[in-house]
Amino acid sequence: MQRLNFPIYNFRFKNNENKVSIFDEIRKKFIILTPEEWVRQHVVHYLINEKKYPRSLINVEKVLMINGLRKRYDVVVFNPDGSIHILVECKAPEVKISQATFDQIARYNMTMQARFLKVTNGLHHYYCQMDFENEKYEFLKSLPDYKEIY
């Protein structure tokens, strides 16, 4: 797999019937390794190892309903009270981050109300902090560490 713009992590891999899988620390199972999954697993390890978010507050690939349609988010970090702290949208490295990508995460966030957003293709990362009162957002250099928040 392609080298991404993240620290190097130790992943567990499994090869079954010529399909490589990667172990997901959150879902506690092996997932078929696609380019997008490669990015998603780096994001999970980044949140745990660099930003120090507890595994228990991280959720990966769940379905949500938006305007009556079933959509699937990539990664969510919850606050201890159950509200959503961070929403992450992952794309494969060959997918360019565009306005359409930001529109997608913005649509999701109308329902989810996350305070922070991250959009990444593994090579380029974009971070925003939401200001719901003034209906705007501010780009950030990085996500806050867990200890900065709690």
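Y126, Y137 and F139 make a nonpolar surface patch of about 310 Å². The model is predicted. Helix 1 is largely enclosed by the rest of the structure, because 12 of its 16 residues are buried. Disulfides number zero.

**The patch and its strands**

- Y126 belongs to strand 8.
- Across from Y126 of strand 8 stands V119.
- Y137, another patch member, is the bridge partner of M130 and lies in strand 9.
- Strand 9 covers residues 136–140.

**Strand 7 to strand 8**

- Strand 7 spans residues 116–120, and strand 8 spans residues 125–131.
- Their pairing is antiparallel and uses five bridges.
- The two strands form a hairpin, with four residues between them.
- G122 sits in that turn and has a positive phi of about 90 degrees.

**Strand 8 to strand 9**

- Strand 8 also runs antiparallel to strand 9, and five bridges join the two.
- This pair forms a hairpin too, with four residues between the strands.
- E135, in the turn, has a positive phi of about 50 degrees.

**Helix 1**

- Helix 1 runs over residues 35–50, a total of 16 residues.
- From first C-alpha to last, helix 1 reaches 22 Å. That is close to the 22 Å expected at 1.5 Å a residue.
- Just after the helix, K52 takes a positive phi of about 65 degrees.

**Cysteines**

- A disulfide needs cysteine sulfur atoms within 2.5 Å.
- For C128, the closest cysteine sulfur is in C90, at that 15 Å distance.
- C90 is buried, with a relative accessible area of 0%.
- C128 counts as buried as well, because its relative accessibility is 4%, and the cut-off for buried is under 20%.

Technical notes: Residues numbered from 1 in each chain as written. Predicted model: local features only at pLDDT ≥ 70, side-chain atom pairs only at ≥ 80, totals over all residues. Heavy atoms only, no water. Pairing = 2+ DSSP bridges. Expected span 1.5 Å × (residues − 1). Buried < 20%, exposed > 50% of the residue type's maximum accessible area, 1.4 Å probe, protein only. Patch = residues over 30% accessible without salt bridge, like charges linked within 9 Å, V, L, I, M, F, W, Y side chains within 5 Å. Areas by Shrake-Rupley, 256 points an atom, 1.4 Å probe, with all protein chains shown as cover. Salt bridge = Lys/Arg side-chain N within 4 Å of Asp/Glu carboxyl O.
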